Amino acid sequence: MSALSRRLKAATVFVVASAAATVAALGPETGFAAEADARAVTQAAKALRDRALVSEESYRLLEDLTTEVGPRFAGTAGDRAGVEWSKKTLESLGFTNIRTPEVLVPRWIRGEASADVLSPSPQQFVTLAIGGSIGTSDEGLVAPIVMVEDIDALRALPEGAVKGKIVYFNERMMRTQDGSGYAKAVAKRTVGPSIAASLGAVGVVIRSVGTSTNRIAHTGTLSYNVSAPRIPAVAISNPDANNLERIVQRSQAHSHDSAEPSNSDKPSDSGDVVMRLRVTARDLPQVRSANVIGEIPGTDLADEIVLIGGHLDSWDPAVGAQDDGAGVAIAIAAAKLAAEMTPKPRRTIRVVLFANEEFGLSGAAAYPADEGDENVDRHAFAMEADLGDGPVWKLAANVPERHWPLVKSIHNIVKDLGVALGENTARGGADIGPLRQRGVPVIAPALDATTYFDVHHTVNDTLEQVNPEHLKQSTAVFAVATYLAAMAEGPIERLPIDPKAR
Ligand SMILES: [Zn+2]
């Protein structure tokens with residue numbers, strides 16, 4: 001039995017409360033008969049929803065953050081300004097117990113990047129270095145390219161096929177409502193460079209992991225494997241990727257036309273498309289950043305925490321309005337709106353703005369370590385917004401079966417906002433992953449990602465891309481989920497502890 005369940009053994013129940021003992025256990029603030037309490041909470045949740053739907057709070061926060069701070073890439077002055085802005089904002093909104101535990105973050109300087117075709121016909125592409133990429137020499141590196149679809153296709157090439165060459169990954173990302181197209185397409189960016197390097201490649205170019213049809217490149221992070229040489233890696237825009245694909249295909253057709261018969265079945269031979277790859281990125285030593293934490297204390301169950309979070313950092317090319325300014329705004333506004341309801345939230349509502357999600361999940365890793373097991377056990381539920389402004393189209397969760405009625409009661413309040421009831425197998429987001437692995441149940445309002453990846457990690461991630469009505473709806477759903485989680489019948493059970501849970 002966890003510390004939490006021990007503490008809660010005699011605690012009060014709510015929402016579906018029925019036992020007479022419960023009534024006696026309720027404090028003076030909530031001294032209603034249990035069923036009347038349940039009705040009052042449902043009424044409050046509906047009022048909260050309606051209030052959030054017309055509230056400008058989250059949009060105002062997002063406008064402030066993007067205007068007063070701007071880009072917040074880990075370790076930069078903007079990152080530090082984001083921490084200060086968050087502290088000041090939480091204070092001004094009446095949050096208490098505000099703190100900024102230090103988080104060490106890697107520091108990477110993007111510099112400039114180019115990927116130019118030198119032959120058969122000179123072309124310059126819109127290019128961004130992939131986050132963490134090493135730089136090239138000043139003159140860049142010149143090599144033939146080998147085009148492959150994805151990592152599987154790369155591995156299927158004959159031995160030596162990419163030795164001394166630049167690997168180009170051409171795989172397209174599929175547009176999906178749930179963002180699953182990203183999960184599928186992103187491997188070429190994260191692990192593709194090291195896999196290519198282990199096969200002898202000297203550089204990697206990828207088709208941007210993103211759905212924009214405009215001439216903008218999508219950045220994002222890579223993860224070098226220590227067992228392979230580090231090679232430079234860049235992303236080119238989708239239209240440029242289409243162009244490169246045609247260049248390679250024509251070059252292959254041409255070389256097959258003129259080749260000896262014995263050469264004509266050589267796979268993926270585009271040896272006569274030569275590229276110059278130039279990257280001026282570099283690493284600096286780690287620097288200090290911080291998670292930002294603020295609370296609204298609960299009443300009789302104040303010892304237990306309902307966590308709502310987003311990540312404060314962004315990529316550097318833009319202000320990160322969608323990624324993840326929207327999540328920051330939703331988390332703060334939802335907590336504040338929920339806290340204003342009567343009956344007051346019984347559990348403590350804690351907002352956590354995580355440091356450096358984009359470039360290594362530093363804040364997510366530091367948070368449970370800072371808290372320690374005892375305090376992690378105090379987390380009743382966690383939720384996170386990190387997929388843009390929404391709207392929420394589905395309410396999923398990952399909670400012990402006993403708490404599924406809570407998810408259904410949240411859904412009942414928000415279903416008229418176009419929210420379907422999802423599954424009980426949700427991951428809930430990257431920053432709360434370590435909490436879920438430690439047994440914290442997760443509530444997961446799913447933000448609509450259909451157009452999110454048009455701007456994700458690009459220069460176009462600006463406030464103009466945010467739909468204020470979507471943001472209101474998302475804030476309303478997160479607020480209702482926060483409020484009802486703070487009111488839910490206890491004791492709250494834990495998920496199985498699974499450090500490897502994806
Ligand atoms: Zn994000």
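Reader: Where is Thr76 found?

Author: In this predicted model, Thr76 counts as buried, at 17% relative accessibility. Its C-alpha is 9.4 Å in space from that of Ile109, although 33 residues separate Thr76 and Ile109 in sequence. Thr76 is found in the loop between α4 and α5 (77-92).

Reader: How do the residues of the contact of α4 with α15 divide into nonpolar, polar and charged?

Author: On the α4 side, the contact is made by Ser58, Tyr59 and Leu62. Pro468, Leu471 and Thr475 make the contact from α15. The division is 4 nonpolar, 2 polar and no charged.

Reader: How many residues apart are His311 and Asp386?

Author: Both His311 and Asp386 are buried. His311 lies in strand β13 (residues 301-311), whereas Asp386 lies in the loop between β15 (379-384) and β16 (392-398). The pair thus links distant parts of the chain, at a separation of 75 residues.

Reader: What is the geometry of the aromatic pair that Trp315 and Phe359 form?

Author: A search of the whole structure finds 8 aromatic pairs. In the pair of Trp315 and Phe359, the rings are 6.0 Å apart centre to centre, with 70° between the planes. Planes over 60 degrees apart count as edge-to-face. The geometry of Trp315 with Phe359 is accordingly edge-to-face.

Reader: Are Trp315 and Phe359 buried or exposed?

Author: Trp315 is in the loop between β13 and α11 (321-339), and Phe359 is in the loop between β14 (347-354) and α12 (362-376), 44 residues apart. Ring pairs link Trp315 and Phe359 with Phe73 and Trp108 into a cluster. Burial means a relative accessible area under 20%. Because Trp315 has 3% and Phe359 has 10%, each is buried.

Reader: Which parts of the structure does the pair of Phe354 and Tyr367 tie together?

Author: Phe354 and Tyr367 form an edge-to-face pair, at 5.8 Å centre to centre and 75° between the planes. Both Phe354 and Tyr367 are buried. The two residues are 13 residues apart in sequence, and the parts tied together are strand β14 and helix α12.

Reader: Why is helix α13 described as largely enclosed by the rest of the structure?

Author: The buried residues of α13 include Trp404, Leu406, His411 and Val414. The buried residues pack against α3 (34-54), β15, β16, β17 (420-421), β18 (442-447) and α15. Helix α13 (residues 404-414) is largely enclosed because its buried residues number 8 of the 11.

Reader: What distance in space separates Gly433 and Ala501, C-alpha to C-alpha?

Author: Gly433 has its place in helix α14 (residues 433-437). Gly433 is buried, with a relative accessible area of 7%. Gly433 and Ala501 are 68 residues apart in sequence, and their C-alpha distance in space is 8.3 Å.

Definitions and conventions: Residues are numbered from 1 along each chain as its sequence is written. This is a predicted model: local features need pLDDT of at least 70, side-chain atom pairs count only at pLDDT 80 or more; totals for chains, interfaces and linings use all residues. Side-chain values use heavy atoms; hydrogens and water are left out. Contact means heavy atoms within 4.5 Å. Helices (H or I, at least four residues) and strands (E, at least two) are DSSP runs, numbered from the N terminus. Ala, Val, Leu, Ile, Met, Phe, Trp, Tyr, Cys and Pro count as nonpolar, Asp, Glu, Lys and Arg as charged, and the others, Gly among them, as polar. Buried means under 20% relative accessible area, exposed over 50%, partly exposed in between (1.4 Å probe, protein chains only). Rings of Phe, Tyr and Trp (its six-membered ring) pair if their centres lie within 6.5 Å; planes under 30 degrees apart count as stacked, over 60 as edge-to-face and the rest as tilted.
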